[in-house]
Amino acid sequence: MSLLCKEELSKWDKHFSESSYVSSYCFSSSDEKLYLQVVPLKQDIKDLCHLTRWFNHCTAIRPSPMAPSKAAMEKNHDATEEADDFVDPWTVTASSNKGIDYNKLIAKFGSSALTPDLITRLEAAIDKPAHHFLKRGIFFSHRELDRIVSLVERGKSFYLYTGRGPSSEAMHLGHLIPFMMTKWLQNAFDVPLVVQLTDDEKYLWKDFTLDQCHQMAYNNAKDIIAIGFDVSKTFIFSDVDYMTQCTEFYRNVLLVHKHVTYNQMRAIFGFDGSSNTGRIMFPPVQAVPAFSSTFPHIFGGRKDVPCLIPCAIDQDPYFRMTRDVAPRLGLQKPALLHSVFFPALQGAASKMSASDTNSSIFLTDTPAQIKKKINKYAFSGGRDTVEEHRAKGADVEVDVSCMYLRFFEEDDTEYTNIIDQYAKGELLTGEVKARLIAVLQKLVTDHQQRRKLVSDELLQQFMTPRPLNFRAGPPPQEKEIKSSKSAS
């Protein structure tokens, strides 16, 4: 069987960008033929997001040995409905067009659900209402957020850490989510923030030169600054730069390296004999910004300042490793706050991809481009005819416009009314898309105006190692450190 060339792979990627294969999809003889052609090339398709998504889905549902009978195919179709979701730091595939089953993911990852009681405690601690991301379950899971809230209740402080892997010149809406949440947390708790730009990671995983990754990191940093972070409380750094600027960064990386085995790395991240050595050494680089000693210019050498990491849940494997190794280094485990994935325009089977311009709304898109993308590509839960839609209403659980409004329509009453009326058939798909278009056009246009104000000088200020405004508070007592070491 002949191998597919690069052009043929790209053609199949485009094909699957326009085809549904997650819901009501049976594995056919044609799929088997293509699957066997792609298997030897799976390392070459990582940047072809639609083909990768199809391949991962077929890996989950493919019968072995293949059964050609109709009865077997029907059985396989039934099994598809119950197939497991797949989530790791590089690939996200849902088995349903409703998206990832996050309750199952919480159980699989061993994190804790973000409960209404904990949100109420958080609101009391900061004396203001919670962000709608918290109230609507967009941030839905955590590790020891309750410990951070307890610290605040006792008048103590912490710092925030989040990051961005620069894989494109422009960021898309999905990239905004952790940063919007982080900005709210920074303002609400009055704490410092460190933002890691993993230009080294993207060089190791993507088909870019190191200089390209480094430049994309600086371009993305301007988008991050435009979100509205406080320069007196925020340090943004490129791994490539900061590794040479701060010996404590590399020292902490070495400490983690010595305490994590290759077998552990392989079990957590799926590395194998084809993984380059840079990929194997990278996870400690993402781990150590969770330790305050990595930033002596901010924390004065203190090793005991707690850290909270807002991130999408696909990044959790990095920090499970971090939390496992921290007690052995005499350091505090970071707390985490996990978000759901931001869906592609074509549906919730996967998150957006920076490599597919039609799966995403980018922060560089014009109002006309936003309107065209939403109208043309946003998957609809509306019915086939107006009559049927009025009678049955929309399936709002699979409708991408509803999903996007959940993120970006800040008015709770407006959001609830739109969803209720659409579900009852009182609103048509075009009317819901029109509301979403207006919301996104304003969001993106406002961001573009703020980004124009981010000069090279301001960028350099954010990215220069320096003291930040940090309300230090007293070091934790010995019993608190021991408690942190024993927490899961």
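Entry 1: I note that the model I am reading is a predicted one.

Entry 2: I then asked which residues of helix H5 (residues 102-109) are buried. They are Tyr102, Leu105, Ile106 and Phe109. Viewed down the axis of H5, these buried residues fall within an arc of 105 degrees, so they line one face of the helix. I recalled the general rule that an α-helix has 3.6 residues a turn, so residues three or four places apart point the same way.

**Entry 3: the ends of H5.** I checked the N-terminal end of H5 and found it capped by aspartate 101. A side-chain oxygen of aspartate 101 lies 3.2 Å from the backbone nitrogen of asparagine 103. After H5 comes glycine 110, and I recorded its phi as positive, near 75 degrees.

**Entry 4: the sheet.** I traced an open sheet of 7 strands with mixed pairing, in the order E3-E4-E9-E8-E5-E6-E7. Its edge strands are E3 (112-113) and E7 (234-238), each of which pairs on one side only. I followed E3 to its partner, strand E4 (residues 139-143): the two run antiparallel and are joined by 2 bridges. Opposite alanine 113 I found serine 141 in E4.

**Entry 5: a helix on the sheet.** I asked which strands helix H8 (residues 145-153) touches where it packs on the sheet. H8 touches E4, strand E8 (307-312) and strand E9 (335-339). I noted that the direction of H8 makes about 120 degrees with that of E9.

How values were computed: Residues numbered from 1 in each chain as written. Predicted model: local features only at pLDDT ≥ 70, side-chain atom pairs only at ≥ 80, totals over all residues. Heavy atoms only, no water. Buried < 20%, exposed > 50% of the residue type's maximum accessible area, 1.4 Å probe, protein only. Helix = DSSP H or I, 4+ residues; strand = E, 2+ residues; numbered from the N terminus. Arc of directions from axis to C-beta. Polar contact = N/O pair within 3.5 Å; in protein donor to acceptor, adjacent residues only side chain to side chain. Pairing = 2+ DSSP bridges. Contact = heavy atoms within 4.5 Å. Axes fitted to C-alpha atoms, helices over the stretch in contact; angles between N-to-C directions.
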